[in-house]
Amino acid sequence: MDPLHTQHGLNESEAAAEARRLLDDWASRPVRHHPTSFRDKTEMPAFGPTPPVKQEDHRIVPAWAAGIAVASIGVGAGITGVGCGAWLVLHGLASVTLNSVLMVTLPLAGFAMTVTAIGGAISKARAAITTNVYEAPVTQHTMIDNSSTTRGMFFARTRNTIR
């Protein structure tokens with residue numbers, strides 16, 4: 001028995017009248033609204049601590065697991081960004097021409113030159129300025145003693161003593 005092609009004893013005009021009656025009956029009923037929130041209207045005490053209200057805990061995933069999941073997503077996104085950056089750099093370096101070599105090395109050389117200049121300036125600024133003024137005659141006495149000994153055939157040892 002096929003329900004789509006079976007006559008139920010009503011002709012087309014009777015079926016339309018019955019459908020209209022069912023729709024009018026449905027439309028005449030009031031719409032029932034279901035509350036989606038709840039407000040507690042009990043009065044709060046005028047003084048003193050308020051009573052605690054139990055709040056159900058409906059977490060599905062523990063907090064530590066959610067933290068690990070968020071961290072792994074962050075690490076994955078970061079590694080993806082590093083990989084894309086490396087791919088772009090290596091793709092650009094794959095076509096080695098004078099312009100590409102200059103585009104890579106000139107900023108690095110400029111940065112190195114700037115760092116060197118700043119380091120030199122800091123070194124000069126930190127260097128102590130000493131001025132030694134000698135007002136008496138300076139004499140230097142140097143005495144050199146040479147002694148050499150040879151042991152064996154090939155190895156010789158020379159000692160120089162400066163006083």
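A nonpolar patch here joins nonpolar side chains within 5 Å of one another, taken from residues with over 30% relative accessible area and no salt bridge. The legends below describe a predicted model.

**Figure 1. A nonpolar surface patch formed by L98, L102 and L106.** Together, these leucines have about 300 Å² of accessible area. L98 lies in helix α3, which covers residues 98-126. L98 counts as exposed because its relative accessibility is 62%, and the cut-off for exposed is over 50%.

**Figure 2. Helix α3 and its bend at T105.**

**Figure 3. The salt bridge between R21 and E18.** The two side chains meet at 2.5 Å, N to O. R21 and E18 are three residues apart in helix α1, so about one helical turn separates them. R21 is partly exposed, with a relative accessible area of 45%. E18 is partly exposed as well, at 31%. Side chains of opposite charge can pair when their charged atoms come close.

**Figure 4. The salt bridge between D24 and R20.** The N to O distance in this pair is 3.7 Å. Both residues belong to helix α1 and lie four residues apart, about one turn of the helix. D24 has a relative accessible area of 42% and is therefore partly exposed.

**Figure 5. The salt bridge between D25 and R29.** The side chains meet at 3.2 Å, N to O. D25 counts as partly exposed, at 34% relative accessibility, whereas R29 counts as exposed, at 52%. The structure holds four salt bridges, among them the pair of D25 and R29.

**Figure 6. Elements and confidence along the protein chain.** The chain contains three helices and two strands, in the order α-α-α-β-β along the sequence. Its mean pLDDT is 79, and 80% of its residues reach 70 or more. Where pLDDT is low, the predicted coordinates should not be read in detail. Of the 163 residues in the protein chain, 1% are buried. The chain exposes about 16500 Å², of which carbon and sulfur atoms supply 64%.

Notes: Residues are numbered from 1 along each chain as its sequence is written. Side-chain values use heavy atoms; hydrogens and water are left out. Patches are made of residues with over 30% relative accessible area and no salt bridge: like charges are joined within 9 Å, nonpolar side chains (Val, Leu, Ile, Met, Phe, Trp, Tyr) within 5 Å. Accessible areas come from the Shrake-Rupley method with a 1.4 Å probe; for residues, only the protein chains shown count as cover. Buried means under 20% relative accessible area, exposed over 50%, partly exposed in between (1.4 Å probe, protein chains only). pLDDT is the predictor's confidence in each residue, from 0 to 100. The bend at a residue is the angle between axes fitted to the seven residues ending there and the seven starting there.
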